[in-house]
Structure formats: C-alpha cells, structure tokens
Amino acid sequence: MTKPNIIAVINQKGGVGKTTTVINLASSYASLGNRVLVVDTDYQANATIGLGMGELINSKYNLNYALENKLTLESVVKPTKVPNLDIVASNPDLVDTEQNIFNSTKRDVWLEKFLTSEKTREYQIIVLDMHPSLKGFFIGCMKAAHYYLIPLFPEKYSSAGLKKQIKAAEEIREDLNPMLVALGALIVRYKNNRDGHKTFKTMIENIAEASNFNVIKTIIPFSDTVADAEAECLPLNMYSRSKGQPIAHAYTAIAAEIAPKLKGKRIGRKLNPIKYENIEENNEVYEEEQKHSKKNGTRRKIKRIGKIRKEASL
C-alpha cells in the first residue's frame with residue numbers, strides 16, 4: 001500500500017491535447033510498472049473512449065452512477081486493456097451532476113471524498129481528465145490533486161490562456177489546497193520546421209523564467225500517428241505503427257522527467273507563488289518575433305524565386 005500521486009491535466013481551452021496527454025502519460029507510467037488509475041471527470045468521456053472502455057459509459061460502472069448513488073471507488077473502477085491501468089469511466093449525464101454538485105456544499109470536496117478509499121492506496125499514480133472549464137468540477141478536482149500539468153499548442157493565444165489557467169489554479173492553491181504543485185507547461189504537437197513554433201517555444205521559456213513557472217523539457221512532436229492510435233482506442237505505446245517514431249517515446253520521457261517530483265501530497269513549507277501577472281505582457285514578444293520571422297521568410301522566398309528565374313534564363 002502506498003500514497004498515490006494525483007495529477008490533474010488541465011486547460012480551459014478545448015482541443016489542446018489534454019486527453020491525449022492523460023491517456024499516454026497514464027499508459028507510460030503503467031508500462032514502467034506503476035499501478036495507475038485514470039478518473040475521467042469530463043462528461044464528453046474522451047479518455048474513457050480513448051482507452052477502449054466505451055461500453056462503461058452507459059453501465060453501472062462510471063463516475064456519474066457512483067455520485068448519484070453514493071457508491072465507493074471500489075464499486076465502479078474497472079481494469080483497461082492496458083496492463084496496470086484502471087479507469088473510473090465517465091458518462092454524458094455528468095454535465096447535470098456537475099451542476100448539482102457545484103451548487104452544493106460538496107463543491108470543493110466531492111472528489112477528495114470519493115478518493116478516500118483503501119482502493120486508492122493501491123495506486124502509485126492517479127491521473128484526472130477534466131472538462132475544459134474553470135467552473136463545475138474544476139474546483140473539486142484541483143482540491144483533490146497534488147500536482148497539475150498544462151498541455152499547450154504552440155500557437156499565438158496559448159500564453160493568454162496560460163495566464164488565466166495558472167491564475168485559477170493558484171487561487172485554489174491559496175484558498176483550498178496550499179500544497180498543490182505546478183509540474184509545468186507541456187508543449188504538444190510541435191513542428192521543429194515551423195518558425196512560429198520555435199518562436200512560441202522561446203516565448204514560453206521566457207515567460208517561465210519571468211513567472212517562476214516550469215516548462216517541461218521534453219516536447220511532444222507533431223505526428224499523424226496520434227490520431228491513428230486514437231482511432232484504434234490505443235495509447236501510443238501499445239499502437240504497433242508508432243514503434244520507432246519519436247512520438248512513441250515522448251510521453252515515456254515526460255513520465256521519467258517529472259517522476260522525481262512526485263512525492264505524494266506535500267507537507268512542509270508553502271511554495272513560492274507563480275507570478276502569473278507577468279505572463280500576458282510577454283505575448284507582445286510573440287507578435288514582434290512573428291513579424292520578424294515572416295519578413296525573413298519572405299526574403300528567403302524572394303531569393304529562391306530569383307535563383308529559379310536566373311537558372312531558367314541560362
């Protein structure tokens with residue numbers, strides 16, 4: 001029996017690789033010999049479907065059924081096809097249950113109470129998949145979590161979203177969960193041949209330095225294999241066509257990178273706060289560097305065209 005490490009994967013923007021991160025990070029830890037639990041609190045049930053457990057959505061073995069009938073974790077948890085990886089599945093009716101809990105006195109503690117179980121102590125890692133929102137279940141999930149991770153696309157508006165997300169998490173840390181730890185921002189779907197992506201990476205690193213915030217060193221490269229694996233309802237480390245590709249090892253590398261920081265619920269002195277007020281103003285750097293990149297790109301294009309015309313005239 002051990003005390004688990006509870007990791008919330010969060011972003012108030014949808015479609016930024018949050019569920020992909022949940023599935024593949026959880027599967028990576030499971031492949032390293034850890035007992036892992038995914039709790040799908042998003043009524044869209046993407047993590048449930050992505051792990052090939054869609055049949056649980058309309059059964060008695062999902063989170064909504066447990067909350068409505070005051071059942072324990074033991075009553076609804078199920079093993080997935082991934083060795084060492086279990087799941088508490090989601091259900092579309094969670095959207096109504098979420099609203100009812102948000103308007104009740106259980107708003108802050110519902111997940112903490114649900115995870116207060118002997119079954120919980122069987123797991124080394126618990127990963128929470130959450131709906132892209134700062135309302136509803138967000139507060140209860142962040143109250144129960146020990147750590148949080150923010151996946152980001154390398155795009156213009158991500159830094160503004162990052163500020164809002166960190167601010168919300170820091171407010172919960174200050175008021176409800178003083179030992180909540182930010183693991184950092186994770187850059188996903190990165191293309192090394194895109195100037196805009198390189199600019200974003202530099203900008204996020206500058207933001208991190210100015211804000212006392214971490215950026216995960218391992219970067220998730222763009223790959224069509226991710227969508228192919230998701231279509232088969234498999235994590236990347238179980239999808240045969242991903243073997244030999246950088247994407248196949250990226251999430252395992254992230255799991256190894258953040259593992260030394262995972263020490264269960266922290267005790268001791270409070271952490272230094274993240275200076276999220278420093279984030280938005282750095283977005284101007286992106287604008288300026290993008291203009292510079294476009295000018296350089298245009299110059300290179302003009303040179304190429306000139307060279308082609310010169311060679312054609314010979």
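Leaving aside neighbours within four places in sequence, which residues is His131 in contact with? They are Lys18, Asp42, Tyr43 and Gln44, where contact means heavy atoms within 4.5 Å. Before we go on, please note that this is a predicted model, in which local features need pLDDT of at least 70, side-chain atom pairs count only at pLDDT 80 or more, and totals for chains, interfaces and linings use all residues. Residues are numbered from 1 along each chain as its sequence is written, and side-chain values use heavy atoms, with hydrogens and water left out.

Let's stay with His131 for a moment. You will find His131 in the loop between β5 (125–129) and α7; helices (H or I, at least four residues) and strands (E, at least two) are DSSP runs, numbered from the N terminus. The side chain of His131 makes a polar contact of 3.0 Å with the side chain of Asp42, and another, of 3.3 Å, with the side chain of Tyr43. A polar contact is a pair of N or O atoms within 3.5 Å; within protein, one must be able to donate a hydrogen and the other to accept it, and residues adjacent in sequence count only if both atoms are side-chain atoms.

Next, look at the sheet. Seven strands form an open sheet in the order β3-β4-β2-β5-β1-β6-β7, with mixed pairing. Two strands pair if DSSP finds at least two bridges between them. Even so, six of the seven residues of β7 are buried, so β7 is largely enclosed by the rest of the structure. Buried means under 20% relative accessible area, exposed over 50%, and partly exposed in between (1.4 Å probe, protein chains only).

Now follow some of the pairings. Strand β6 (residues 147–152) runs parallel to β7, joined by six bridges, and Tyr148 has Ala182 as its bridge partner in β7. Strand β2 (residues 36–40) pairs with β5 in the parallel sense over five bridges, with Val36 opposite Ile125. In strand β1 (residues 5–9) sits Asn5, which counts as buried because its relative accessibility is 9%. The Asn5 side chain reaches the backbone nitrogen of Gly264 at 2.4 Å.

What about the nonpolar residues? A nonpolar core is a set of buried Ala, Val, Leu, Ile, Met, Phe, Trp, Tyr and Cys residues joined through side-chain atoms within 4.5 Å. The largest one has 50 residues, and Leu111, Phe114 and Tyr148 are among those with the most contacts inside it. Helix α7 gives the largest share of this core, six residues. A second, separate core has 41 residues, including Val38 and Ile216.

Finally, meet the rings. Rings of Phe, Tyr and Trp (its six-membered ring) pair if their centres lie within 6.5 Å; planes under 30 degrees apart count as stacked, over 60 as edge-to-face and the rest as tilted. One aromatic pair is counted by this rule: Trp110 and Phe137, tilted, at 4.2 Å centre to centre with 35° between the planes. Trp110 lies in helix α6 (residues 110–114) and Phe137 in helix α7 (residues 137–144), so the pair ties together parts that are 27 residues apart in sequence. Both Trp110 and Phe137 are buried.
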